[in-house]
Amino acid sequence: MHRVNIIQHSEITDLELRLKIKLREICLGGNSKLKIYGALNCKSGKRMTRANRVFFKSKRDAIDNGYRPCGNCMRSEYLIWKNGPV
């Protein structure tokens with residue numbers, strides 16, 4: 001799979017991260033091992049290691065890279081992903 005529009009947390013400084021969030025170049029976080037994406041303030045996301053953390057500008061970027069919604073902070077999107085559209 002060709003990975004596009006993914007920013008690895010381990011490859012940017014905290015200052016660069018804050019700037020990208022402020023400029024809305026980063027809107028979602030993800031776990032590269034579990035292939036899950038969610039809100040930047042998600043409790044589950046805050047527990048992951050920096051090496052596994054990635055960032056996306058949009059849901060489309062996350063989905064295009066094979067990530068699924070977080071069952072904690074994106075419950076409705078997760079249930080649609082899990083059960084399919086109603």
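Which residue takes a positive phi near 60 degrees in the hairpin of E2 and E3? Lys35 does, in a hairpin with four residues between the strands.

## Basis of the model

This is a predicted model, in which local features need pLDDT of at least 70, side-chain atom pairs count only at pLDDT 80 or more, and totals for chains, interfaces and linings use all residues. Residues are numbered from 1 along each chain as its sequence is written, and side-chain values use heavy atoms, with hydrogens and water left out.

## Strands around E3

Helices (H or I, at least four residues) and strands (E, at least two) are DSSP runs, numbered from the N terminus. Two strands pair if DSSP finds at least two bridges between them.

E2 and E3 pair in the antiparallel sense, over four bridges. Leu28 has Ala39 in E3 as its bridge partner. E3 also joins strand E5 (residues 68-69). That pairing is parallel and has two bridges. Here Ile36 stands opposite Arg68 of E5.

## The nonpolar core

A nonpolar core is a set of buried Ala, Val, Leu, Ile, Met, Phe, Trp, Tyr and Cys residues joined through side-chain atoms within 4.5 Å. Buried means under 20% relative accessible area, exposed over 50%, partly exposed in between (1.4 Å probe, protein chains only). The largest such core has eight residues: Ile6, Leu28, Tyr37, Val54, Phe56, Ala62, Tyr67 and Met74.

Contact means heavy atoms within 4.5 Å. Leaving aside residues up to four places away in sequence, Tyr37 touches several residues, including Leu28, Phe56, Ala62, Tyr67 and Met74. Its contacts also include Arg68 and Pro69.

## Glu25 in its loop

Glu25 sits in the loop between helix H1 (14-22) and strand E2 (28-31). Glu25 counts as partly exposed because its relative accessibility is 35%.

Lys57 is 32 residues from Glu25 along the chain, yet their C-alpha atoms are separated by 5.3 Å. Glu25 touches Lys57, along with Lys20 and Phe56, not counting residues up to four places away in sequence.

## The largest pocket

A pocket is an open set of points on a 1 Å grid over the protein atoms alone, with protein on both sides within 12 Å along at least five of seven lines; lining residues have an atom within 4 Å of a point. The largest pocket is lined by 19 residues. Cys42, Ser44, Gly45, Lys46 and Met48 lie nearest its centre.

H1, E2, strand E3 (36-39), helix H2 (43-47) and strand E4 (53-56) each supply at least two lining residues. E3 gives the largest share, four residues.

Note on methods:
On a 1 Å grid over the protein atoms alone, a cavity is a set of points where a 1.4 Å probe fits but cannot get out, and a pocket is an open set with protein on both sides within 12 Å along at least five of seven lines; lining residues have an atom within 4 Å of a point.
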